Amino acid sequence: GHSQFEVMLNAGDVANAEIRVAALQLFPVEASLPARTERQYTSKLAAATTRRIGIELEFTHEPLGRTLTVPVDCYYFWPDGQTSPPIVLSYEPQPSWPGGYSAGALGWEEPGNWPAGVYTVSCSIYGRPVVVDRFLME
């Protein structure tokens, strides 16, 4: 007899909660992640001076009524098709919050390592893509 190969998925903490990405913003990062009020959002960056590229996601949802950690993984796709290591953004909304933010960054200590071209950024919650955007490195 043949046994059937199966893939089983955990329903997950967000099964009953629709957590949506309201916005994806990109911003340059020098050394450490700047506070939200200090971030300079852009979709165009200068290859010669950019060190790290920050990503901020804004989430919207009904108040969840419980504390949970939502695993969010974002990837940058280079113009030549290479994929970055994951940027793991852990989103931890409080029970009464109707939304919130999470941010992280990826890059180098020294500028000049980002090839010019169009990059794609893709973020997933529980491995399911939830937002895709593009940015230009010139």
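**Reading contacts, burial and the disulfide**

Student: Leaving aside neighbours within four places in sequence, which residues is H61 in contact with?

Tutor: Contact means heavy atoms within 4.5 Å. By that test, and with neighbours within four places in sequence set aside, H61 is in contact with E18, I19, Y91, P93, W97, P98 and G99. This is a predicted model, in which local features need pLDDT of at least 70 and side-chain atom pairs count only at pLDDT 80 or more, while totals for chains, interfaces and linings use all residues. Residues are numbered from 1 along each chain as its sequence is written, and side-chain values use heavy atoms, leaving out hydrogens and water.

Student: What does the side chain of E56 make a polar contact with?

Tutor: With the side chain of R36, at 3.4 Å. E56 lies in strand 3 and, with a relative accessible area of 3%, is buried. Beyond four places in sequence, the contacts of E56 include R36, R39, Y41 and Y101.

Student: How many disulfides does a search of the whole structure find?

Tutor: The search finds 1. A disulfide is taken as a pair of cysteine sulfur atoms within 2.5 Å; in C74 and C123 these atoms are 2.1 Å apart. This pair links distant parts of the chain, from C74 in strand 4 (residues 70-77) to C123 in strand 7 (residues 117-125), 49 residues apart. Its S-S torsion is about 110°, so the disulfide is right-handed. C74 has 0% relative accessibility and therefore counts as buried; C123, also at 0%, counts as buried too.

Student: Which residues touch the most other members of the largest nonpolar core?

Tutor: I55, L57, V72, Y76 and C123 do, out of 29 residues in that core. The term means buried Ala, Val, Leu, Ile, Met, Phe, Trp, Tyr and Cys residues joined through side-chain atoms within 4.5 Å. Strands 1 (20-29), 3, 4, 5 (87-91), 7 and 8 (128-137) each supply at least two of its residues.

Student: Which residues do ring pairs link into a cluster?

Tutor: The cluster holds Y76, W78, W108, W114, Y119 and F135. Rings of Phe, Tyr and Trp (its six-membered ring) pair with centres within 6.5 Å; planes under 30 degrees apart are stacked, over 60 edge-to-face, the rest tilted. The whole structure has 10 aromatic pairs. In one of them, W114 and Y119 have ring centres 5.7 Å apart and planes at 70°, so this pair is edge-to-face. Both W114 and Y119 are buried.

Student: Where does S84 lie?

Tutor: In the loop between strand 4 and strand 5. S84 has 4% relative accessibility, so it counts as buried. Beyond four places in sequence, S84 is in contact with Y75, Y76, W78 and L106.

Definitions and conventions
Helices (H or I, at least four residues) and strands (E, at least two) are DSSP runs, numbered from the N terminus. Buried means under 20% relative accessible area, exposed over 50%, partly exposed in between (1.4 Å probe, protein chains only). A polar contact is a pair of N or O atoms within 3.5 Å; within protein, one must be able to donate a hydrogen and the other to accept it, and residues adjacent in sequence count only if both atoms are side-chain atoms.
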